[in-house]
Amino acid sequence: MRILSIETSCDETALALVEAEGGLSRPKFKVVKNLIASQIKIHAPFGGVVPNLAKREHLKNLPILFKKLFPKPEAAKFDIVTATVGPGLEPALWTGINFAKEVAKQYKKPLIGANHLEGHLYSFLLSKKTAISNSKFLISKIFPAIALIVSGGHTILLLVKNLKSWKKLGETRDDAVGEAFDKVARLLKLPYPGGPEIQKLALYGNPNAIDFPRPMIYDKSYDFSFSGLKTSVLYYLRDNSKTRKADIAASFEQAAVDVLVKKTTRAAKEFGAKSIMLSGGVASNSLLRKRLKVVSHQLSVNFLAAPAKFNTDNAAMIAEAGYFTYLRKKKYKLAAQGNLNI
Ligand code: KG4
Ligand code: ZN
C-alpha cells in the first residue's frame with residue numbers, strides 16, 4: 001500500500017510517500033520520499049511558534065511540496081491519504097486537513113485522520129534495526145514496551161502492550177521537556193529552537209557544576225514536571241551572572257535527562273518491559289539517547305528509536321500512524337483537534 005501523508009501540526013510542513021506492508025503482525029515501511037519545509041527561520045525572531053504565521057506558511061508550502069513529490073500530478077500514485085488531525089495548533093492542523101480533503105477527493109482515495117503522537121510512538125519502525133530485512137527483529141518479541149515520547153508539546157510515558165494498545169503511565173503536569181529546553185535556551189540568549197543549541201553548548205560545560213533540582217524524581221507516580229527546573233535556571237542566572245553559560249546548559253541538560261531516565265528505568269523494571277522506545281523531538285538529544293541505551297543494555301532490553309531525522313516532526317511517521325489507524329479500523333474525526341490524546 002502506498003501512503004501519501006501530510007503533517008502540519010506545528011512549524012514543519014511535511015509530506016511523505018511511504019510504502020507499507022505486512023499489517024499489524026509484520027509491519028514494514030519503506031520511505032520513498034520524505035519532504036519537509038521548515039519554518040524555523042520565520043518563527044525564530046519571535047522565540048517560538050506563532051500560530052497564524054505557521055498557518056500562512058503551511059498554506060504556501062503544501063502545494064509546493066505536493067508538486068515536488070509528484071512533478072507530474074496526473075501520474076501521482078497512492079492508495080490512501082492521511083493527515084495529522086491533532087494534537088497541535090488548530091489553525092495549522094486545518095491547513096493540512098483541508099489540503100488532504102482536496103487531494104483525496106481529486107484522486108478518489110480514502111482519507112484517514114492520524115494522531116501526531118501515535119506517529120511519534122510508531123517512528124521506531126523507521127529504523128534499520130526494525131526493518132523486516134533484519135531477520136533478528138521480530139515484532140512479537142518487543143512487547144511489552146515502555147515508550148517515552150518527548151517533544152516540544154509533550155512528555156508522556158506509556159506502557160505499550162502491542163501495536164494497537166497501550167496505557168498512559170504518566171505525563172508532564174506543566175511544561176513539556178522540549179519546552180523547558182526552549183525556555184532555558186531563551187534565558188541563555190540562544191536561538192530558537194533551543195534543544196539542539198543547549199546540547200551543543202553543553203558539550204563544553206560541566207554537568208555537575210550546578211545542582212539543579214530533579215523535579216518529581218522520587219515521586220511514586222510516573223508524572224513529570226519541568227517548569228520548576230526552568231525557574232531554578234532563571235533564579236540561578238539572576239544571582240550568578242558570571243557563571244559560564246556552558247556549565248548552566250550542561251547542568252540543566254543533566255537534570256532534565258536524569259528525571260526522564262530514572263522514571264523510564266523504573267517503569268521498565270516494574271512492568272517487565274522487553275523494550276524501551278524513545279521518540280519525539282527531544283529523542284534527538286544525544287545525552288538522553290546514550291543514557292537510555294546504557295540502561296537498556298543493563299536491563300537486557302531492546303532500545304528502539306528512529307534515526308534522528310525521524311524524531312523531529314515529519315510526515316513519514318504520520319504515514320505509519322495512518323496505516324495502523326486504517327488497519328485498526330479506528331476513525332478520527334477529520335477536523336483539527338488541538339488537544340487530541342494518545
Ligand atoms: O517533535 P517535535 O519536532 O515537535 C513537537 O511535536 O513538539 O519536537 C520539537 C522539540 C523542541 O522543543 C526542540 O527544542 C526539541 O524538540 N529538540 C531537542 C533536541 N532537538 C530537538 N531537545 C533537546 N536536545 C536536542 N538535540
Ligand atoms: Zn511532534
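Me: On what basis are the values and numbers given?

Reply: Because the model is predicted, local features need pLDDT of at least 70 and side-chain atom pairs count only at pLDDT 80 or more, whereas totals for chains, interfaces and linings use all residues. Residues are numbered from 1 along each chain as its sequence is written, chains are lettered from A and ligands numbered from 1 in the order in which they are written, and side-chain values use heavy atoms, with hydrogens and water left out.

Me: Which strands does β9 pair with?

Reply: Two strands pair if DSSP finds at least two bridges between them. Strand β6 (residues 145-150) runs parallel to β9 and is joined to it by 5 bridges; A145 has S275 as its bridge partner. Strand β10 (residues 302-305) also pairs with β9 in the parallel sense, over 4 bridges, and here S275 is partnered by N302.

Me: In what order do the strands form the sheet?

Reply: The open sheet has 5 strands in the order β8-β7-β6-β9-β10, with mixed pairing. Its edge strands, β8 (165-171) and β10, each pair on one side only. Strand β7 (residues 155-162) runs antiparallel to β8, with 6 bridges between them, and L159 stands opposite K167 of β8.

Me: Which residues hold the zinc ion (ligand 2) as protein donors?

Reply: Donors are N, O and S atoms within 2.8 Å of the metal (3.2 Å for Na, K and Ca); water is not among the atoms, so sites may look incomplete. For this zinc ion the protein donors are H116 (NE2), H120 (NE2) and D313 (OD), at 2.0 to 2.2 Å. H120 belongs to helix α4 (residues 116-122) and D313 to the loop between β10 and α10 (316-327), so the pair ties together parts that are 193 residues apart in sequence.

Me: Are H120 and D313 buried or exposed?

Reply: H120 is buried, with a relative accessible area of 1%. D313 is buried as well, with a value of 15%.

Conventions:
Helix = DSSP H or I, 4+ residues; strand = E, 2+ residues; numbered from the N terminus. Buried < 20%, exposed > 50% of the residue type's maximum accessible area, 1.4 Å probe, protein only.
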